[in-house]
Amino acid sequence: MQQLQDALGVEADQADSGSAEPERGSSNVMRQTDPDSLDPEDFSEFRVQGHRMLDDMIDYLERIRERPVWQTIPDSARAVFREPMPTKPTELSELHDIFMRSVVPFSTGNVHPGFMGWVHGAGTPVGMLAEMLAGGLNANLGGRDQMPLEVERQVVRWVRELFGFPETASGLFVTGSSMANLIAVLVARTRALGTSVRQMGVVGAKRLAAYTSASAHGCIAQAIDLSGLGTGALRVISTNARHEIDLGALNQAIIADRKAGLTPFFIAATIGTVDVGAIDDLAALSEIARRESLWLHVDGAYGALGMLVPALAARMRGIERADSIAFDFHKWGQVPYDAGFILVRDAELHESTFAAPASYLRREERGLAGGSPWPCDFGPDLSRGFRALKTWFTLKAYGTQKLARVIEQTCSLAQYLEQRIEEHAELELAAPVSLNVVCFRYRASDSKRVNAEIVVALQEAGRVAPSSVLVNGHFAIRAAIVNHRTERADLDALIEQTLALGKRLTQAADLQEPGDLG
Ligand SMILES: *Cc1c(COP(=O)(O)O)cnc(C)c1O
């Protein structure tokens, strides 16, 4: 090998691992500027502009509290993005300016402590910098023998450990839990129908039945749809008073399906439902799955990282017996978007669901085409970004204890909000507070209109941004507290502004002037 390298004139210390960085300047022949290169003509000017952009985003994060969470987007801002395709270059400084003026003020606001609308993570300054590093490296994590994949494998090992899965389990970064849930359904489908389903499809195969609760996320039904089984194969099981899947109803549905000649194959449990934050009884579900030979999948999109908190992990007992777990680092984990993850107990089955031979993806023992198996063998994506880097940075920079405290804090803030709601006769809780989601209403005779108006008015006012949800078919205001920046003062503002708006709206209704609500 060394002889071959000598033949190519490779310097020994450069061929070595370790300090392989080429010495600056030594071989830096003055290059003619290529007018067609996409690199800057003047790197020192580019560097100054780059630092300006970095400073602006650090300022943005440092002073996030001085901004509105969200504001109505003026037509003038939208118009900036209704231009024809640019054929000529624009100065980078000008683009930076457009971004700061027309994009930054009108984003969703999930970085802001007042954001509590949907289950969104806030990201961190550390994650932002890691994204920049990954962008510079521009690694494609579909495969090849490269160190970025070792970073991903490191995170996979940590995830296995967190959930008590064996060393043989497979894990993969994906866009989000929607994709992770789809991958789980497809692997479970392979177990139920064999790998021949990849050639034969589901037509003519035995008819499968899947189970989830009425509180499950819509992407579970979508995954069943995309897997070719059709949403008709999904049984939506009712929930108990705590909004958890009703185990008796589940058992009955399984019995009824077997009687009807169907093959039950899959249960999707949820840890942290998006409506009220409920946690399905995984210990009981894993028993049912074992007894009935069903695949137990856990949609833990935001909730599964609660495993970092011992008191929450205790409520998720049974998760270690699941066949697969979907979750997002970009929600409770505060990693910047996107960073979804799928963990599968049976790596071989996982691989046999997706791997496909292709001459251009040939593996070798040595060289760049080594390091098999590759992530592209475990999912539909070939080209993949370096999601693992921002996740590794986040876990290393903060440590799991600190991330656990953030999760605990969002739950105790939810309890604080529950308390504040109970202090006011004008307000009522719409569902029990289980984790970090609080659903409540302003009491009014025309509750739906008043509360819907409150939600929109709060969002437009820009101090706090909750969203709405239907709880048992009834409209409610939902505060999902996921953001590590949210404090009691933000919840106090939510209460005060809701009371003020509710009072105004109900008085206006009494005066029969519904059109004049300002
Ligand atoms: C957010 C969420 C999803 C969807 O995850 P994405 O990352 O948005 O694709 C699925 N299930 C639950 C319970 C969620 O909270």
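How exposed is Phe-46, judged by its relative accessible area? In this predicted model, Phe-46 has a relative accessible area of 40% and is partly exposed, because that value falls between the cut-offs of under 20% for buried and over 50% for exposed. Phe-46 lies in helix H3, and together with Phe-43, Leu-92 and Leu-95 it makes a nonpolar surface patch of about 360 Å². Two helices contribute to this patch: helix H3, spanning 43-62, and helix H5, spanning 92-103, each supply at least two of its residues.

The ligand site comes next. Here the ligand is surrounded by 13 residues, and the closest of them are Ser-177, Ser-178, Asp-299, Asp-328 and Lys-331. Sorted by class, this shell comprises three charged, six polar and four nonpolar residues. Polar contacts with the ligand involve several of these side chains. An N or O atom in the side chain of Asp-299 is 2.7 Å from a nitrogen atom of the ligand. For Asp-328, a polar side-chain atom lies 2.6 Å from an oxygen atom of the ligand. Lys-331 also takes part, with an N or O atom of its side chain 3.0 Å from a ligand oxygen atom. The ligand taken alone exposes 390 Å², and 85% of that area is buried by the protein.

Turning to charged pairs within the protein, the structure holds 23 salt bridges. One of them joins the side chains of Arg-65 and Glu-487, with an N to O distance of 3.2 Å. This pair links distant parts of the chain, as the two residues are 422 residues apart. Arg-65 sits in the loop between H3 and helix H4 (75-79), whereas Glu-487 sits in the loop between strand S11 (474-480) and helix H17 (488-510).

Are its two partners buried or exposed? Arg-420 has a relative accessible area of 13% and is therefore buried, since buried means under 20%. Glu-423, by contrast, reaches 52% relative accessibility and so counts as exposed, the cut-off for that class being over 50%.

Arg-449 and Asp-446 form another salt bridge, in which the closest N and O atoms are 2.7 Å apart. Arg-449 is partly exposed, with a relative accessible area of 28%, and Asp-446 is likewise partly exposed, with a value of 27%.

Which backbone oxygen does the side chain of Thr-506 reach at 2.7 Å? Thr-506 lies in helix H17, and its side chain reaches the backbone oxygen of Gly-502 at that distance. A polar atom of the Thr-506 side chain also lies 3.1 Å from the backbone oxygen of Lys-503.

Definitions and conventions: Residues numbered from 1 in each chain as written. Predicted model: local features only at pLDDT ≥ 70, side-chain atom pairs only at ≥ 80, totals over all residues. Heavy atoms only, no water. Near = heavy atom within 4 Å. Polar contact = N/O pair within 3.5 Å; in protein donor to acceptor, adjacent residues only side chain to side chain. Areas by Shrake-Rupley, 256 points an atom, 1.4 Å probe, with all protein chains shown as cover. Nonpolar A, V, L, I, M, F, W, Y, C, P; charged D, E, K, R; others polar. Patch = residues over 30% accessible without salt bridge, like charges linked within 9 Å, V, L, I, M, F, W, Y side chains within 5 Å. Salt bridge = Lys/Arg side-chain N within 4 Å of Asp/Glu carboxyl O. Helix = DSSP H or I, 4+ residues; strand = E, 2+ residues; numbered from the N terminus. Buried < 20%, exposed > 50% of the residue type's maximum accessible area, 1.4 Å probe, protein only.
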